[in-house]
Amino acid sequence: MDPVIRLLRDLVALDSVNPALVPGGDGEAAVAERIASALTTAGIDVEVTEVAPGRPNVVAVVEGRAPGRTLMLCGHMDTVGVEGMAAPFDPVVRGGRLYGRGSQDMKSGVAAMVDAATEIAVRGGLERGRLVVAAVADEEHASAGAEALVGAHTADGAVVTEPTDLRMATTHKGFEWVEVTTRGRAAHGSRPADGRDAILHMGRVLARLEAADAAFEAGPTHPRLGRASLHASTIHGGQALSVYPDRCTLRLERRTVTGEAPDAGLTDARTILDALRRDDAEFDASARQLLTRPPHEIPDDHPVCHELGRALRRRDLDPGPTAMSFWTDAAILGRAGIPAVLFGPSGAGLHGAEEYVEIDSVGICRDVLIETIRAFC
């Protein structure tokens, strides 16, 4: 068995559900230990650092024999939850695919980058430059691992090994989470003159949000990312069937494209609330931002894109740049001055009840990374 698949199976078999998403999730500690073991066995210097209790980053460095550029490989160890999965930590191989939670997102990419580093280390090391391999915590929630990483390490370029179907992705969307609260007045259901219905007031907000999303569809688009979007994610309100609700809370997600402000969603929400207040002086509502993460883009002609594209072309793989709709830690790296491109294996079902990775694509990813590392550094 190819060592990269053996490592991948070991990683999938370990629960690394993010405890910030699912209380009781095991977090990254066991996966970090397995990754650190693979790297140290190859003679690579490894540092394991907690970014939160029981939530480590693993960072390994391969020093070249002569000065050169520094390339960072980065991937996250945590996964989302496993609700609806029959055997999430049983890495079953079937029909050329490996199934299990994290197989696509993104333990396959992590296995590929770790095995690429170990292959380089055991086959003579780097002639020049420097390689930083970073397996980070908490990407699926607040990116505490990536934030800690860029506070301690830098690089001239980076490859984030998220699943891209062996395509080179130079850009991805950002996101913003916004909470909207409407306030009414509690009263007995038989006394409409005394009550103000916070849930019906939120209905007005929802109608305006739907119109705003429709406007995005009709408006300008990014050449690769397409349009911005928003959707209502969760809503809570009311106390009892016979009581006018005095409060309703909506949480929404705004997906952003490059060029938009980090508070675009909050601005959208506040514009809607201001308009509704003008229509009804008793309309009472507010909005606040919960979290914002920027979109990401790297120039197509950056040296890391050039070398990755050459490695793809030599294997008759598509070297053309593309975009990913999902957000990644590449945005954290880019904001810290580390130009990052996305490249990883093929598969399907990320965050779904049936997740898998195409086994052959993991070895191809590893081999493309090895060639890119040597050429870039």
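Q: Which residues do ring pairs link into a cluster?
A: The model is predicted, so local features need pLDDT of at least 70 and side-chain atom pairs count only at pLDDT 80 or more, while totals for chains, interfaces and linings use all residues. Residues are numbered from 1 along each chain as its sequence is written, and side-chain values use heavy atoms, leaving out hydrogens and water. Rings of Phe, Tyr and Trp (its six-membered ring) pair if their centres lie within 6.5 Å; planes under 30 degrees apart count as stacked, over 60 as edge-to-face and the rest as tilted. The cluster that ring pairs form consists of F175, W177 and W327.

Q: How many aromatic pairs does this rule give, and is the pair of F175 and W177 stacked, edge-to-face or tilted?
A: The count comes to three aromatic pairs. The ring centres of F175 and W177 are 5.1 Å apart and their planes stand at 40°, so this pair is tilted.

Q: Is W177 buried, partly exposed or exposed?
A: Buried means under 20% relative accessible area, exposed over 50%, and partly exposed in between (1.4 Å probe, protein chains only). F175 counts as buried at 7% relative accessibility. W177 has a relative accessible area of 29% and is therefore partly exposed.

Q: How many residues apart in sequence are the parts that the pair of F175 and W327 ties together?
A: The rings of F175 and W327 have centres 5.8 Å apart and planes at 90°, so the pair is edge-to-face. Helices (H or I, at least four residues) and strands (E, at least two) are DSSP runs, numbered from the N terminus. F175 belongs to strand β9 (residues 174-183) and W327 to the loop between β14 (321-324) and α8 (330-335), so the parts tied together are apart in sequence by 152 residues.

Q: Which strands stand at the edges of the open sheet of four strands?
A: Two strands pair if DSSP finds at least two bridges between them. The order in this sheet is β4-β5-β17-β16, with antiparallel pairing. Each edge strand has a single partner, so one side of each is left without a neighbour in the sheet; these strands are β4 (93-94) and β16 (347-348).

Q: Which residue in β17 is the bridge partner of A348?
A: β16 and strand β17 (residues 356-358) pair in the antiparallel sense over two bridges. In β17, A348 has as its bridge partner Y356.

Q: At what distance from the ring centre of F376 does R69 lie?
A: A charge sits over a ring if NZ of Lys or CZ of Arg is within 6 Å of the ring centre and within 35 degrees of the ring normal. R69 lies over the face of F376, and its distance from the ring centre is 4.4 Å.
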